[in-house]
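Dear colleague,

Please find below the structure I am handing over to you.

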Amino acid sequence: LAEFLLDDHQGIFRGPYLRVRLPFVEAPEDADLGVAWAPPGFRPYAHQLAAWQRLSGRGLEPKPTLVTTGTGSGKSEAFLIPAIDHAIWARYRGQRGIKALILYPMNALVTDQQHRIAALLADPTVSAAGVTGGVWIGDDGSVRTHREMSEKHLITDTAELMANPPDILLTNYKMLDRLLTNAARQRLW
């Protein structure tokens, strides 16, 4: 097996190896971002800008949007920035409750992404608007219980989430099904 794997001519790992990575194109500096809030100093890539313009929800109807691009290209920011921007706008209009539902296929992705989102929600403009984020993935031990947000984590205490539904909720598809079909959880919505 080792001979097969390592053989320069007959093995499965044969060269030459070529990795083509095109740089992601930045949006023009004077472009209309489509959102009123973005992280300070953040200059989006062109594909993020296009997503922001389609997903902007400040009094507009967001358009269905699919973003497909390489790893590390900022796909998360393509939908997170408009979601946070909309939550700010809605909060200033007195709207409470969930405004954005972010589904991930695995709890590990939820716990990883909550740190990124918590950092965005810690921005002074977002914080001043009172925008909150929460995680509801069940009690599998992967997330510590938090009754308040910080720049490192979102609210994870289910009693707190029920009492004060967050503006942005991260969950997985299985838990979403349970949250939607359990009569005791209807107050969340």
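The buried residues of helix H4 (residues 107–121) are covered by elements that include helix H3 (75–92), S1, helix H5 (124–129), S2 and S3; contact here means heavy atoms within 4.5 Å. The model is predicted, so local features need pLDDT of at least 70 and side-chain atom pairs count only at pLDDT 80 or more, whereas totals for chains, interfaces and linings use all residues. Residues are numbered from 1 along each chain as its sequence is written, and side-chain values use heavy atoms, with hydrogens and water left out.

Helices (H or I, at least four residues) and strands (E, at least two) are DSSP runs, numbered from the N terminus. Among the buried residues of H4 are Val-110, Gln-114, Ile-117 and Leu-121, where buried means under 20% relative accessible area, exposed over 50% and partly exposed in between (1.4 Å probe, protein chains only). A kink of about 25 degrees in H4 is centred on Gln-114; the bend at a residue is the angle between axes fitted to the seven residues ending there and the seven starting there.

The sheet is open, with three parallel-paired strands in the order S1-S3-S2; two strands pair if DSSP finds at least two bridges between them. Strands S1 (100–104) and S2 (133–136) each have a single partner strand, so one side of each is left without a neighbour in the sheet. S2 is joined to S3 (residues 168–172) by four bridges, and Val-135 has Leu-170 as its bridge partner in S3.

Yours sincerely
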